[in-house]
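Hi,

Here is the structure I promised to pass on.

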Amino acid sequence: DQKRLLAAIALSVGILLLFEMWNRGNAPVPPPRPVATQQADVPLPAVPAPATPQVAPGAAPGAPQAAGPGETAVTAAPPAIPAQRVQVENTRVQGALTARGLSLDQLTLRDYRETVEPNSPNVTLLAPRGRPEGYFAQWGWTQADGRTPVPNNDTDWTVTGGPLGPNSPVTFRWDNGQGQIFQAVVSLDANYMFEVRQSVENTSAEAVTVLPWARIRRERTPQVQGFFILHEGFIAVQDGRLTEMTYSTGRDEGNSRRALGSAWENEAAEGWAGLSDKYWLTALTRLDRNERIRSAFRHIPDAGVDRWQVDIAPAAPQLIAPGQSAGFGSRLFAGAKEVRLLDDYRDRLHIQDFDKAIDFGWFYFITKPFFYALDYLFILTGNFGVAILIFTLALKILFFPLANKAYKSMSRM
């Protein structure tokens, strides 16, 4: 039996290798990737944020309710002037930041397509609010003292620099006219990681209290696979503890915790939080490793539509004395869940357990090494079928002494 199995594996490997050689010689040459061009500013419909009251990050349970991150009162009419847009581009992504409301609301992944067809459109990960597929990241402040004017969704920021790319940061600046100057410096690496440094300078004669925040917002419930072995929805790692919450559970928890303003909330010294799809991830983490952060999952019902939000903020509002400034730094990952890239960010940027954004299941300590082995064999052979066969053969050889002993014991029975 053992000889027959080995012969079958060898024959299968030979057939796959012959097919691979034939297929490579006859495969069509994919068209060259077009060079990205500067896109003109397109006026987008200004959709006001839901007026549902939310508890601001950092507020204690039972505290007076304030608007959640990014939530403002309904505006009377959309702004007449089109928003300024800043192009975002590196070798792996292209998109745009909007200077109105300071958000990243356009992002396309250059290396991935919607289908296996060579001419299929690239995967669009982020899209502007107001569209059915609205999905964006945004940065802002909450007026923790109830009187300091802070930027909102309709604020037009002054932009310095652009386009945004590796080693080419962009600065956004806004003066509220009452002595506080808000600033955000945005940078992008060669892959999928954005870095945003928010700061407030207080030039007035009085102290002010504000709460900076960063959020990811999804305007509709996405279509999910629904497999019990694959998590899609809210995800976070806080002080080494993995938390996963599906959209349906998030809706239930949001409804039961409506008075608290969140479906889940936690304060931690380390960690990250985001939204996970089958292949893609958006996640937020703080920049300063010594700063405690408060993370939250939010379900926001609006006229029968479920909206979803993940936000992070300092554990407490920032009191800024006259002549002083305060800041908050965050990172945004928006891209494909590539194992080696997530491992690199985990180790190099010290993002705790960032590789757990990929659902390896309960047997993580076994399935992840298996993945690395299969991936190595795929890179070596160029064919996953061959890689699986070689890996199976290697496991058979590794456990042959044990299996052979078992066969001998059975034959004596």
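The second largest pocket has 16 lining residues, and L230, K278, Y279, K337 and I358 are the ones nearest its centre. Its volume is about 490 Å³, and the lining divides into 11 nonpolar, no polar and 5 charged residues. One thing to keep in mind throughout: this is a predicted model, where local features need pLDDT of at least 70 and side-chain atom pairs count only at pLDDT 80 or more, while totals for chains, interfaces and linings use all residues. Residues are numbered from 1 along each chain as its sequence is written, and side-chain values use heavy atoms, with hydrogens and water left out.

A quick word on terms. The search runs on a 1 Å grid over the protein atoms alone: a pocket is an open set of points with protein on both sides within 12 Å along at least five of seven lines, a cavity is a set where a 1.4 Å probe fits but cannot get out, and lining residues have an atom within 4 Å of a point. Points are joined across faces, edges and corners, and a volume is the space filled by probe spheres set on them. For the classes, Ala, Val, Leu, Ile, Met, Phe, Trp, Tyr, Cys and Pro are nonpolar, Asp, Glu, Lys and Arg are charged, and the others, Gly among them, are polar.

The largest pocket holds about 600 Å³ of space. It has 24 lining residues, with R218, P222, Q223, D277 and W280 nearest the centre. By class that lining has 10 nonpolar, 5 polar and 9 charged residues. Strand 4 (residues 122–126) gives the largest share, 4 residues; strands (E, at least two residues) and helices (H or I, at least four) are DSSP runs numbered from the N terminus.

There is also 1 cavity of 30 Å³ or more in the whole structure. T285, R286, L287, R289, R331, L349, H350 and I351 line it, and they divide into 3 nonpolar, 2 polar and 3 charged.

Now the salt bridges (a side-chain nitrogen of Lys or Arg within 4 Å of a carboxyl oxygen of Asp or Glu). The structure holds 26 of them. R92 and D111 meet in one at 2.7 Å, N to O. That pair links distant parts of the chain, 19 residues apart: R92 is in the loop between strand 1 (85–89) and strand 2 (93–98), D111 in strand 3 (residues 103–113). R92 counts as buried at 13% relative accessibility, whereas D111 is partly exposed at 38%. The cut-offs are under 20% relative accessible area for buried, over 50% for exposed and partly exposed in between (1.4 Å probe, protein chains only).

D311 and R298 also pair, at 2.5 Å, N to O, and both are buried. Then there is D355 with R346, whose closest N and O atoms are 3.3 Å apart. D355 is buried at 1%, and R346 is partly exposed at 24%. These two belong to a salt-bridge network that links D343, R346, D347, D355 and K368.

Last, the surface: W362, F363, F365, I366 and F370 make a nonpolar patch of about 650 Å². Patch residues have over 30% relative accessible area and no salt bridge, with like charges joined within 9 Å and nonpolar side chains (Val, Leu, Ile, Met, Phe, Trp, Tyr) within 5 Å; areas come from the Shrake-Rupley method with a 1.4 Å probe, and for residues only the protein chains shown count as cover. F365 sits in helix 4 (residues 364–381) and is exposed, at 57%.

Cheers
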